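User: I would like to go through the pockets, the cavity and the ligand surroundings of this model, one question at a time.

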Amino acid sequence: MTNIAIIGAGFSGTLLALHLLRRCPAGCNVTLIERAVKFGRGAAYATGNPNHLLNVPAGRMSAFHDRSGDFLDWLKQQSDPCLDLPLGEHSFVPRQLFGDYVRHLLNREIKASSRDVKLKLTRGDVQGIEPAAGGVVIRLDRGRSVHADLAVLAVGNFPPESPPVDDPAFYNSNLYRSDPWASNAFSGLKSDSPVLLIGTGLTMVDATISLLDHGHKGPIYALSRRGLLPQRHVASVVTPAERVEPVPTSLVQLTQFLRREAKRAVCESADWRAVVDALRPFTGDVWAEMSMTDRARFLRHIRPWWEIHRHRMATSVADRIEAAIARGQLRLKAGRILSFHEDNGQVDVRYRLRGTDRVESLTAARVVNCSGPGCDYARISHPLIRNMLETGMVRPDALSLGLDVTRNCALKDRRGAISGRLFAVGPVTKAAFWEMTAVPDIRRQCEYLANHISSLVKGASSKGQSSTEELRREIRKVIG
Ligand SMILES: Cc1cc2nc3c(=O)[nH]c(=O)nc-3n(C[C@H](O)[C@H](O)[C@H](O)COP(=O)(O)OP(=O)(O)OC[C@H]3O[C@@H](n4cnc5c(N)ncnc54)[C@H](O)[C@@H]3O)c2cc1C
């Protein structure tokens, strides 16, 4: 009998569990551990605001890449009042519905689990993992523990990191919210109060939509280093003629290639979006081939541009954001925060304008950090991550994008040795794959990892020796 534990039941952990149930041999147990009340949602799909829309069209949000219409077909059977009809593959639907869909997939699997592989849902906050004879012990809150032969980290996105300032005392203030997804992010705020959102990406867009939905009338400042706003989706993307050139893997050549392709698209009366989207199936390979120097350069100089072209706003969301900018309510700023000075229930924020020595200031009644998920694991304070780093079971990757993993999603320890029993899926693995954020990327990774793990398990059990020791030997053989 092999026990597989998955830590985190957002989209990644839940989907991995579904694939493992279908692939693992009889006698396996899969335990899905989640600290939140709801399984299958994670930060992205737990929102209760129907105006928080998916930023990927419904036709591309199936949980299964070989059944592209699965989400849309499920949607068509729903009679949810939040759905704008008619529904099509280009529709942008509320994110909470995607959470309902994932939960439906999970429920269906639980009902069908007359099968020999059992799924167990366990609610708990994992605080640490320890090696144990023949496996690992997963320590949960309230002194509980789970024993497993293999464990997969699917812990997803962490709240943003607070920007470095001279005196970080303000980060303990009641005027500051470090987690834009927390239920109290905007509670108690007067509707005419000025608000500062740190960041100008899709999290800021969500936060602005939340404020507008609550009838906020006051100014909303959004400040990031470059002040770049995500581009918008368009109703239909005209695709240029098929590309013949291979995709380069050096950063300079890749940037030139993308510019050339975008220009060609425009000359053909097609859309630059098609060029960005066409790169998607190759992104992981390009990243894997790219030198470390080029990867670091990409992150430093190109990443903000890539993000705003690649992760776009749904059209109706973009309309509301652009209207808020046009009436002067949403004010985008490019600069770097220098200091916070709290006085009399407000905070004075000083920032240096990008590309100048000019220092400006603004006053806000609330500062909400919307600068995107924190992925520098050296700075993440959750006990599980601290525990694993301190015991040397895992290490952050060299570019502070997540944890160091192999292309088979195996975690590396402090010395770089590859674990035979610890794996990761989803945003945790960004360092090895770069784009491991959105559903179309994660769904393939989950399927791949489920195949990999089940072949490890089957390798051991096909010899009739499904003992943990045999599994360990089998794992060593596969990872060399
Ligand atoms: C606001 C937002 C909107 C997005 N919109 C889209 C979109 O429209 N389309 C798209 O394709 N992608 C979107 N994404 C990308 C999204 O990250 C992925 O689609 C996906 O949700 C990532 O899933 P995950 O399970 O890896 O991480 P998460 O969703 O973060 O889930 C991780 C889970 O692990 C649990 N967990 C963490 N630590 C522990 C612990 N120690 N013990 C127990 N449980 C733990 C958490 O509670 C959480 O439920 C969006 C992301 C965000 C943040």
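User: How much space lies in the second largest pocket?
Analyst: This is a predicted model, and the value is computed from its atoms. The second largest pocket has a lining of 24 residues, with Arg280, Pro281, Pro440, Asp441 and Arg444 nearest its centre. The space in this pocket comes to about 660 Å³.

User: Between which domains does the second largest pocket lie, and why?
Analyst: What decides the matter is which domains give residues to the lining of the pocket. Because both domain 1 (3–158 + 375–479) and domain 3 (251–307) do, the second largest pocket lies between domain 1 and domain 3.

User: How many charged residues are in the lining of the largest cavity?
Analyst: The structure holds one cavity of 30 Å³ or more, and the space in the largest cavity is about 50 Å³. Its lining is made up of Asn55, Val56, Arg60, His233, Asp277, Arg280, Arg310, His311 and Arg312. Divided by class, these residues give one nonpolar and three polar, while the number of charged residues is five.

User: What share of the area that the ligand exposes when taken alone does the protein bury?
Analyst: Oxygen atoms of the ligand lie 3.1 Å from a polar backbone atom of Phe11 and 2.7 Å from a polar backbone atom of Asn55. Taken alone, the ligand exposes 980 Å², and the share of this area that the protein buries is 94%.

User: Which element gives the most residues to the shell around the ligand?
Analyst: The elements that contribute two or more residues to the shell are α1 (11–23), α2 (42–45) and α13 (439–461). The greatest contribution is four residues, and the element that makes it is α2.

User: How many nonpolar residues does the shell around the ligand have?
Analyst: The ligand is surrounded by 34 residues, the closest being Ser12, Glu34, Tyr45, Asn55 and Val439. By class, this shell includes 10 polar and five charged residues, and the number of nonpolar residues is 19.

Conventions
Residues numbered from 1 in each chain as written. Predicted model: local features only at pLDDT ≥ 70, side-chain atom pairs only at ≥ 80, totals over all residues. Heavy atoms only, no water. Near = heavy atom within 4 Å. Polar contact = N/O pair within 3.5 Å; in protein donor to acceptor, adjacent residues only side chain to side chain. Areas by Shrake-Rupley, 256 points an atom, 1.4 Å probe, with all protein chains shown as cover. Nonpolar A, V, L, I, M, F, W, Y, C, P; charged D, E, K, R; others polar. 1 Å grid on protein atoms, 1.4 Å probe; cavity = no way out; pocket = protein on both sides within 12 Å on 5 of 7 lines; lining within 4 Å. Points joined across faces, edges and corners; volume = space filled by probe spheres on them. Domains from an automatic or database assignment.
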